[in-house]
Amino acid sequence: MGSTVLSLRIDGELLDRLRRHAARRGMSVQDYVVRTLVRDDFDERFQAAVDETEKFYGVP
């Protein structure tokens, strides 16, 4: 899988918060943001799979 550039404009306060969160985990801001997006995407896909399974088995 290749990579693509995504440019974001965010305010200074948010960037500072992202830097602090990333630093606590020993990560760069870029790695922290990417990991967060991947985790959120997984959570959404997992929930969709649970919903479909419940629909299939008729769970209310």
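A residue counts as buried under 20% relative accessible area, exposed over 50%, and partly exposed in between, worked out with a 1.4 Å probe and protein chains only. On that scale, Phe56 comes out as exposed, because its relative accessible area is 67%. The structure is a predicted model, in which local features need pLDDT of at least 70 and side-chain atom pairs count only at pLDDT 80 or more, while totals for chains, interfaces and linings use all residues. Residues are numbered from 1 along each chain as its sequence is written, and side-chain values use heavy atoms, with hydrogens and water left out.

Helices here are DSSP runs (H or I, at least four residues; strands are E, at least two), numbered from the N terminus. Helix α2 takes in residues 29-57, which makes 29 residues. From its first C-alpha to its last, α2 reaches 42 Å, close to the expected 42 Å; that expected span is 1.5 Å times one less than the number of residues.

Next, the rings. Rings of Phe, Tyr and Trp (its six-membered ring) pair if their centres lie within 6.5 Å, with planes under 30 degrees apart called stacked, over 60 edge-to-face and the rest tilted. By this rule there are 2 aromatic pairs. Phe42 and Phe46 make a stacked pair, because their ring centres are 6.0 Å apart and their planes sit at 25°. These two residues of helix α2 are 4 residues apart, so about one helical turn separates them. An α-helix has 3.6 residues a turn, so residues three or four places apart point the same way. Phe42 is partly exposed, because its relative accessible area is 44%, and Phe46 is partly exposed too, at 49%. The rings of Phe56 and Tyr57 are edge-to-face, because their planes are at 90°, with centres 5.0 Å apart. Tyr57 counts as exposed, since its relative accessibility is 63%.

What about charged side chains? Side chains of opposite charge can pair when their charged atoms come close. A salt bridge is a side-chain nitrogen of Lys or Arg within 4 Å of a carboxyl oxygen of Asp or Glu, and the structure holds 3 of them. Asp16 and Arg19 form one, at 3.7 Å from N to O. They belong to helix α1 and are 3 residues apart, so they are about one helical turn from each other. Asp16 is partly exposed at 37%, as is Arg19 at 47%.

Asp41 is partly exposed at 37%, and Arg45 is partly exposed at 49%. Lys55 and Glu52 also pair up, their closest N and O atoms being 3.2 Å apart. Both are in α2, with a spacing of 3 residues, or about one helical turn. Lys55 is exposed at 61%, whereas Glu52 is partly exposed at 47%.

Finally, Leu6, Leu8 and Ile10 form a nonpolar patch on the surface, with about 320 Å² of accessible area together. Patches are made of residues with over 30% relative accessible area and no salt bridge, joining like charges within 9 Å and nonpolar side chains (Val, Leu, Ile, Met, Phe, Trp, Tyr) within 5 Å. The areas come from the Shrake-Rupley method with a 1.4 Å probe, and for residues only the protein chains shown count as cover. Leu6 lies in the segment before α1 (12-24) and is exposed, with 65% relative accessibility.
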